[in-house]
Amino acid sequence: MKKILTFLLIGLIVLAGCSNDSGKKDKGTIVAGTTGQSYPNSYEKDGKLVGYDIEAFEKIANEAGYKVKWVKADFSGLMGQLESGRIDTIANAVATTDERKEKYLFTDAYSYIGSQIITSSKNKDINSYKDLKGKKVAGVLGSNHTEALENFNKENNYGFKTKTYENREGALLDLENQRLDGYVNSDSVSAADKNKRGKEIKFVGKPFNVVGTSFPFTKENKDLKEDIDKGVKKLKKDGTLSDLSDKYFGTDTTKEK
């Protein structure tokens, strides 16, 4: 009887070390931040978080043996929560910039994006960057595209006015109602917005500032970053991320431009 109990106990210990159907070791829960307002990367549908970044990160984390707990906040708030340790990483098209590399560790890029300015199709006189002189062009507070927009404006002396919004929906609403002349976001997201909103949106010029998007971690979380990085590399190699990109964007954003 003692031998049977011993074998049962050993079996329970072994089972406790495996938490998912694939037999991978359960390494616990990773807390990821996202806006839930960034269609098609991260948005809500029927009360559930969905999108390219959501589905991609959950698959990557599962591959590495982690469950995911989601925390929602505006983008600028997410960066603050990452720095303070309240979340482990961000899954929301975070651009890998030299400035951010000084503060955070980044996984391999799981997508590549360029900054794209869009305007309302009602603005017949706005068709190029030069047409934006004296106009108002906005981006989301804390976004890499907003910083790129300001630099792009100064470097080329286009003369448009820049402003920031807490979230994307507010900017798009003002763009639609012509309280705003232009809005900057990634080219892939802008293409998805155009598909969603149809003739209401048109592109201004070509994308600029092409960068990779990755999952950031604080330097204290090196081991966790390396675990997730392995998942990124595997799912890029086997085509899983390409398939997800095509599903949400209608194009493969995983290839470097």
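Helices (H or I, at least four residues) and strands (E, at least two) are, in this talk, DSSP runs numbered from the N terminus. The structure before us is a predicted model, in which local features need pLDDT of at least 70 and side-chain atom pairs count only at pLDDT 80 or more, while totals for chains, interfaces and linings use all residues. Residues are numbered from 1 along each chain as its sequence is written, and side-chain values use heavy atoms, with hydrogens and water left out.

I shall begin with one residue. Tyrosine 183 is found in strand S11, which covers residues 182–186. Is tyrosine 183 buried or exposed? Its relative accessible area is 1%, so tyrosine 183 is buried; buried means under 20%, exposed over 50%, and partly exposed in between, for a 1.4 Å probe and protein chains only. Contact means heavy atoms within 4.5 Å. If neighbours within four places in sequence are set aside, tyrosine 183 touches, among others, Ile118, Val137, Val140, Arg168 and Leu172.

Let me turn to the sheet around this residue. Strands are said to pair if DSSP finds at least two bridges between them. Five strands form an open sheet with mixed pairing, in the order S10-S9-S11-S8-S12. At its edges stand S10 (161–165) and S12 (201–213), each of which pairs on one side only. On average, neighbouring strands in this sheet are turned by 25° against each other, direction ignored. S11 runs antiparallel to S8 (residues 111–120), and four bridges join the two. Opposite tyrosine 183 stands isoleucine 118. Helix H5 (residues 144–156) lies across S8, S9, S10, S11 and S12, at about 110° to S12. Axes here are lines fitted to C-alpha atoms, for helices over the stretch in contact, and angles run from 0 to 180 degrees between N-to-C directions.

Next, a pair of helices. H6 (residues 168–176) and H7 (residues 187–197) pack at about 55°, with axes 14 Å apart. The two are therefore oblique to each other; angles under 35 degrees count as roughly parallel, over 145 as roughly antiparallel, 65 to 115 as roughly perpendicular and the rest as oblique. Which residues of H6 and H7 meet? Arg168, Glu169, Leu172 and Glu176 in H6 meet Val189, Asp193 and Arg197 in H7.

Finally, there is an open sheet of three strands, ordered S2-S3-S4 with antiparallel pairing. S2 (37–38) and S4 (48–50) each have a single partner strand, so one side of each lacks a neighbour in the sheet. Serine 38 has serine 42 in S3 as its bridge partner.
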